[in-house]
Amino acid sequence: MFSQEQLNKFSTQETPFYYYDLALLRRTLEACSTASSKYNFHVHYAMKANVDPRVLDTIRSFKIGADCVSGGEVKKAIECGFTNDKVVFAGVGKSDPEINYALDQDIFCFNVESIQELEIINELALQKGKTAKVALRINPNVNAYTHKYITTGLEENKFGINQWEFEKVAAAIKILSNIECIGLHFHIGSQITDFNVFKSLCIKVNEIVNWFTNHHFNIKVINVGGGLGVDYYNPDTNNIVDFETYFRIFDSFLERSANQEVHFELGRALVANCGSLISRVLFVKYGQVTNFAILDAGMTELMRPALYQAYHKIENLSKDHNVKNKKYDVVGPICESTDCFGKAVELPDTNRGDLIAIRTAGAYGEVMASNYNLRNKVNVIYNE
Ligand code: LLP
C-alpha cells in the first residue's frame, strides 16, 4: 500500500520507473541482522539480486559481506565499500581476467565448482605468489521444490561438485600448492518457501562436512547459500520474511564445532519487497475473449513473468483498489507474446494514463533489464 504522499510523487514522474523503499529495506536488514546475530551467523548479500547504488549502500551500512558472481560484481562491491575480506567470488564459469582481478583484490574466498577451476585458480595464484582461499561448492542433490529454472542443487544442474567426485577433488587439493581450502559451499535454489527444504539441506550438509573432516580437511566455513523465498502474494501484510524461523532451523539442524563459521548468501529475501515497478497504462483493448491493459513497462524492465512464469501482484494505483470489477491481461509493449505481467488480472475499470504498480520487484528486476527493442534505461526513484 502506498501513502497519498507517495502517490502524489509518482503522478509527477515519467514512467516506467523502479521505486525503492529504503526505509523498508532498512527494516528488513535490521530484522535479518537481529535474527542472524543470535547465532553468530555471517550474512553475505547476493549482489546479483539488485545493484542499485543506494540499495547497495544501505546494505553495506549493515556491515554484511558481498556474494559476487562476476568480476564486475566483485569490482562493484569493492567500489561500494564492501571490505575485500568480506567479498566472495562464486560462479560456475570464471574467466582468467576475473580470477586475476579477484586475486589482486585479496578477496575472502572463491567458491569453486570443478577440479579444472581449482587447477586454474592454483596456477594463476602461483604466478602471483599468492595463496587463494577457496570453498568447494558441493551439489548436495537436495530438491528445493521451486521453479525448475531456479533449482540449482540437483545432479542434473550444472552447478557444483557431485558426491561421486569427492575422492578425486580431495586428492587434487592435496597437491595444489597455492590453494587453501577453507570451507564448503551449498546453494540449492531460489524462492524456497518450504522451510523443510532447509532442514533437509542441513542434514545433507552435516553428512558432507563429516566426509571432508574425516578426510583431514579443516572446514572452517560452512556456507549454506541463499534461496529464502518471499511472499509475492501479500506484499503489504507480509513484507518482511520470517528470518527468525529461517535462522533457527539452521541453528537447530546444522552441526558445527566452535571454530566453524556458518555463512549465508541472501539476495531476494533482503531486497524483493522494497521494490515496485511503476508504470502507466498506454492503451486498453477490449476483446471478445480478453481485455488487454497495455503498459509502458514490459519484459525489458521486469523479465521474471516472461522467463519463469513468475507471479507479481498488480495494482491500479489511480483507482479504488478494493474494487475489482474487470479482468485484464496486463501486458507490455514489447514485440513478444510472453511480454505479459499477468493474465486475467482482476482490477478496477482501468483507463489510459492510470498508474499501475507491479509489486515485489526489488530482486531480479532492474538487474535483469535489457534494452531489447532499443528500450531506454528504466528510471529509479526512492523513498528515504
Ligand atoms: N548464492 C548463489 C550461489 C546463487 O546462485 C544465488 C542465486 C544466491 C546465492 C541468492 O539466492 P536468493 O537468496 O536470491 O534466492 N533470477 C531468478 C533467481 C536466480 C537466482 C540465482 N542465484 C529469479 O528472478 O527468480
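User: Which atom of the ligand does a backbone N or O atom of Arg268 lie 2.8 Å from?
Analyst: An oxygen atom of the ligand.
User: Before I go on, what am I looking at, and how are things counted?
Analyst: This is a predicted model, so local features need pLDDT of at least 70 and side-chain atom pairs count only at pLDDT 80 or more, while totals for chains, interfaces and linings use all residues. Residues are numbered from 1 along each chain as its sequence is written, and side-chain values use heavy atoms, with hydrogens and water left out.
User: OK, back to the ligand. Which residues come nearest?
Analyst: Of the 19 residues around the ligand, Ser190, Glu265, Arg304, Tyr308 and Tyr364 come nearest. Being around it takes a heavy atom within 4 Å. The side chain of Ser190 has an N or O atom 2.4 Å from an oxygen atom of the ligand, and a backbone N or O atom of Gly267 is 3.0 Å from a ligand oxygen atom.
User: How is the chain divided?
Analyst: Into domain 1 (22–271) and domain 2 (273–383), with bounds from an automatic or database domain assignment. Their centres, taken over C-alpha atoms, are 33 Å apart. Domain 1 puts 24 residues into the contact and domain 2 puts in 22, where contact means heavy atoms within 4.5 Å.
User: How much area do they bury between them?
Analyst: About 2,200 Å², 55% of it on carbon and sulfur atoms. Buried area is the accessible area (1.4 Å probe) that two parts lose on being put together, summed over both. On the domain 1 side, Tyr232, Pro235 and Val271 supply 27% of the area buried against domain 2, more than any other three residues.
User: How many salt bridges cross that interface?
Analyst: The rule finds 1 across the interface of domain 1 and domain 2. A salt bridge here is a side-chain nitrogen of Lys or Arg within 4 Å of a carboxyl oxygen of Asp or Glu. There are also 9 residue pairs in polar contact between the two domains, both residues at pLDDT 80 or more.
User: Which helix gives the largest share of domain 1's side?
Analyst: That's α2, with 4 residues. Helices (H or I, at least four residues) and strands (E, at least two) are DSSP runs, numbered from the N terminus.
User: New topic: where is Pro16 found?
Analyst: In the loop between α1 (4–11) and β1 (17–21). The peptide bond from Thr15 to Pro16 is cis, with omega near -5°. Asn40 has a positive phi of about 65° although it is not a glycine, and Asn40 sits in the loop between α2 and β2 (42–46).
User: Why point those out?
Analyst: Because most residues other than glycine have a negative phi, and most peptide bonds are trans.

Notes. Polar contact = N/O pair within 3.5 Å; in protein donor to acceptor, adjacent residues only side chain to side chain.
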